[in-house]
Amino acid sequence: MTRRTHAALAAALAATLTLGLGACRNDKSDDGDASAAGSSRAPGAASGSIVGGTPVKGGTLTVLSNQDFAHLDPARNWTMPNMDFGIRLLYRTLVTFKAEPGAAGSEIVPDLATDLGRSSDGGRTWSFTLKEGVKYEDGTPIKSADIKYNVERSFAPDLTGGPDYAQQYLAGGENYKGPLNGEHLASIETPDDRTIVFHLKRPVAEFSYTATLPTFAPVPQSRDKGTQYDLRPFSSGPYKIETYDRGKQLVLVRNSNWDQSTDPVRKAYPDRIVVVQGLKAGQVDDRIIASEGADASAVEWMNLRPESIAKVLPKPDVRSRLIAEQQGCTDMLYPNTSKAPFDDPKVREALMYAVDREGQVTAYGGPAMADVATSYLPPALTGGTRQDTLKIAPTGDPEKARQLLKEAGKTDLKVSLTVSSGDKTRAEALQQSLGKVGIQVTITTADPSVYYDTIGDTKSAPDLAILGWCPDYPSGATFLPLVFDGRNIKEKGNQGNVEQFRDQATSDRIDQINAMSDVTEANKAWMRLSEDLLKKAPTVPLLWQRRPLLAGTNVAGAFGHPAWTGQWDFATIGLKDPSKSKG
């Protein structure tokens, strides 16, 4: 369809969604009373409610998806919502997030550990004690050495793509290449099978939050298969892998050696979880809307398509199965700053003014599905307020962009843009807005399962890419350093600083903020740094999205979790009537 037709459709759908989901409005002030009397909202639409009531144990939950997992290996799993799936179902971490909707879900609780960790040496040393009786799927005990081993694996050059907080924080890790050659990190001590001690380069007041990441899940050395571990992680969680045919189907069954008495977070209601992959997104929407047979016991993995919204909202019974939680992430356009033309700050500044961000909102489905992003840090990291330092109109400022390009001596540019296949409409909207200022864009799409690896290869990275960054926990420390510190750039598996931005002043300021012991003052400093970075234009903020997801009529205990960008919390999801499920 033409962009004009799409814009009209999106506007109509957005208006309908705003009426149907009171909490999904385009609230510019961010301080309205979302709980005002008379508001109408679907379960989970930023309301903290749950779809389907309390589940009954048993049956088969089906997950319908258009894609394979990027990684399930806990040393490599660092994309949303893959972390949610792995952490809630296949492996446990030292600490985890509560299984509750809304703000409560951002609170952390002990998981494998008995507490949230104990700090000493001014926050440079953190100790954890494992609970008694925690076991793997074969009944063998989980040991502190297994967590040490997985943290060490995260340093291995072949195991790309995972969280790199260990590399940033652990003392003596600068030249470490992982445990596969027999070397181990002295900064991780395991004095006995239940104790693990981390020695850090600097104080980290929020290290307990870091321990929620899959890096801090156990992997026994005897089970490690290098890159092949992705296909069959050894379970410490409530489920284990029965079969996995990549890109087609993953089947999980109960781990009989998981003991719920050691794990109050995960409820493990279904007997089986079947993930059906390789489906068309619109096909998934239609199947769950109809909710027939096994699809009544299904949820969708990817977002509801914008064109499917009109099939959902007019039907109260279907609308009641929709959630649309805020994702808490910032979608950005990443220019490759390591080479021409975007190594020139003037050209990047022009890009900042050239982009029609309102057009991006329209391409994503309208203002009820996303808001224009005006800063790098999302409102969740700025106290609920929206930073808007540059005051650029949502539709951009083509005249200023052309002037900046003229000053840079680059008025006729040809660049490449690589996007995940689901973002083609957004890429075309970018192509149109950049074309107005003389930047010709060639679009390439990549399958979602390989997209991050594709753009994360620094030697073959495109000129432009679209992706979002989501904080791993509520702190600017999990956003700005990962995206803008040049020291975090990797040749392969480059996950955060995809734009390859290197700026010494930024790195120095990051070090200064990281050294602050007062978390409140540090958060203020992160906000100021975000404003300063906008003037250097390493990336262009585009959208703050919601995650609209639909559940089948037999699904219960379903809500979007704030820590994993509004994806279903697989710790608590299940079925109303297990006897009606199939598969």
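## The nonpolar core

Let's start inside: the largest nonpolar core has 153 residues, and F85, L94, F128, F198 and L333 have the most contacts within it. Such a core is a set of buried Ala, Val, Leu, Ile, Met, Phe, Trp, Tyr and Cys residues joined through side-chain atoms within 4.5 Å, where buried means under 20% relative accessible area (1.4 Å probe, protein chains only).

This is a predicted model: local features need pLDDT of at least 70 and side-chain atom pairs count only at pLDDT 80 or more, while totals for chains, interfaces and linings use all residues. Residues are numbered from 1 along each chain as its sequence is written, and side-chain values use heavy atoms, with hydrogens and water left out.

Setting aside neighbours within four places in sequence, L94 is in contact (heavy atoms within 4.5 Å) with P110, D111, L112, A113, F128, L130, I147, F198, A211 and F216.

## Two buried loop residues

M80 sits in the loop between β1 (60-64) and α2 (82-90); helices (H or I, at least four residues) and strands (E, at least two) are DSSP runs, numbered from the N terminus. M80 has a relative accessible area of 18%, so M80 is buried. Its contacts, not counting residues up to four places away in sequence, are C470, P471, D472, A563, W564 and T565. M80 and G566 are 486 residues apart in sequence, with 9.4 Å between their C-alpha atoms.

N255 belongs to the loop between β9 (249-254) and β10 (272-276). Where does N255 stand, buried or exposed? N255 counts as buried because its relative accessibility is 3%. Beyond its neighbours within four places in sequence, N255 touches Y136, E137, S235, S236, G237, P238, Y239 and K240.

## Two helix pairs

Helices α10 (residues 357-364) and α12 (residues 424-435) pack at about 155°, with axes 9 Å apart. Axes are lines fitted to C-alpha atoms, for helices over the stretch in contact, and angles run from 0 to 180 degrees between N-to-C directions. The angle makes α10 roughly antiparallel to α12, a term for angles over 145 degrees. In this pair, G359, Q360, A363 and Y364 of α10 meet T425, R426, A429 and L430 of α12. By class, this contact has four nonpolar, three polar and one charged residues. Ala, Val, Leu, Ile, Met, Phe, Trp, Tyr, Cys and Pro count as nonpolar, Asp, Glu, Lys and Arg as charged, and the others, Gly among them, as polar.

Helices α15 (residues 504-514) and α16 (residues 519-534) pack at about 170°, with axes 10 Å apart, and are therefore roughly antiparallel to each other.

How values were computed:
Buried means under 20% relative accessible area, exposed over 50%, partly exposed in between (1.4 Å probe, protein chains only). Angles under 35 degrees count as roughly parallel, over 145 as roughly antiparallel, 65 to 115 as roughly perpendicular and the rest as oblique.
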